[in-house]
Amino acid sequence: GLERLTTTRVAARAGVSVGSLYQYFPNKQSLLASVLERHLLKVVEAVEAACLRANGRSVTVMADELVQAFFEAKFAEPDVSRVLYAVAAEVGADAVVARLTQRSQRALCDMLATASDRRFDDPATVSFILSTSIIGPVQALLGSSATHALVGRVQEHVTSMVSAYLFQMGCEVQAEKRLRGPSLAGSSRRR
């Protein structure tokens, strides 16, 4: 467990001296905070990439891309994800988590603004609900050491839930807009 983690053990495993380790990390908490931030950054970057891939697509595609990216990022190394959920509270990483959550939610808002089939009047609230509704099941799965099969089934259910939520919360995009694309403000028509 975390109580057995020492800077001496980390230095030995990394093949560096304890003094070298202390140049970068003054204590165990700062080392753990750095590992947590690096892990969360990978997750956020996966979400951002999924949002970019889904730009201009339907909410169904957006839901699939988003959920798949999040699950893949968290379950690439489930043991690391599991431990880091516990570490977050211990190292006081609230500011890091808040900053990266905001970054992720900005990417979600930007993606939602491009949906081909729905328009969202309150993308900030929708992105908050999206992210928290995906995080909850993932955290529960990691806490229970779920089987690969169960993770896959839950991912399918979460994707369906997110897709239905997006469809329900968004207003239908008018067929005319879908055919013509966005109008250009201030442009004049030539006849």
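**Entry 1: helix α5**

I began with D79 and R82, which both lie in helix α5 (residues 78-90). They sit 3 residues apart, about one turn of the helix. I am working from a predicted model. I looked up how the two side chains meet and found a salt bridge, 2.6 Å from N to O. Then I checked accessibility. D79 counts as exposed, at 53% relative accessibility. R82 is partly exposed, with a relative accessible area of 27%. The cut-off for exposed is over 50%, so D79 at 53% falls in that class.

**Entry 2: E37 and R99**

Next I turned to E37. Which residue does E37 form a salt bridge with? I found R99, with the closest N and O atoms 2.4 Å apart. E37 lies in helix α3 (residues 28-54) and R99 in helix α6 (residues 94-112), so this pair ties together parts that are 62 residues apart in sequence. I noted E37 as partly exposed, at 29% relative accessibility. R99 is partly exposed, with a relative accessible area of 41%.

**Entry 3: E48 and R103**

I then looked up E48. It forms a salt bridge with R103, and I read 2.6 Å between the closest N and O atoms. E48 lies in helix α3 and R103 in helix α6, so the pair ties together parts 55 residues apart in sequence. For R103 I have a relative accessible area of 26%, which is partly exposed.

**Entry 4: the count**

Last, I asked how many salt bridges the count comes to. I have 5 salt bridges written down. Among them are D79 with R82, E37 with R99 and E48 with R103.

Notes
Residues are numbered from 1 along each chain as its sequence is written. This is a predicted model: local features need pLDDT of at least 70, side-chain atom pairs count only at pLDDT 80 or more; totals for chains, interfaces and linings use all residues. Side-chain values use heavy atoms; hydrogens and water are left out. A salt bridge is a side-chain nitrogen of Lys or Arg within 4 Å of a carboxyl oxygen of Asp or Glu. Helices (H or I, at least four residues) and strands (E, at least two) are DSSP runs, numbered from the N terminus. Buried means under 20% relative accessible area, exposed over 50%, partly exposed in between (1.4 Å probe, protein chains only).
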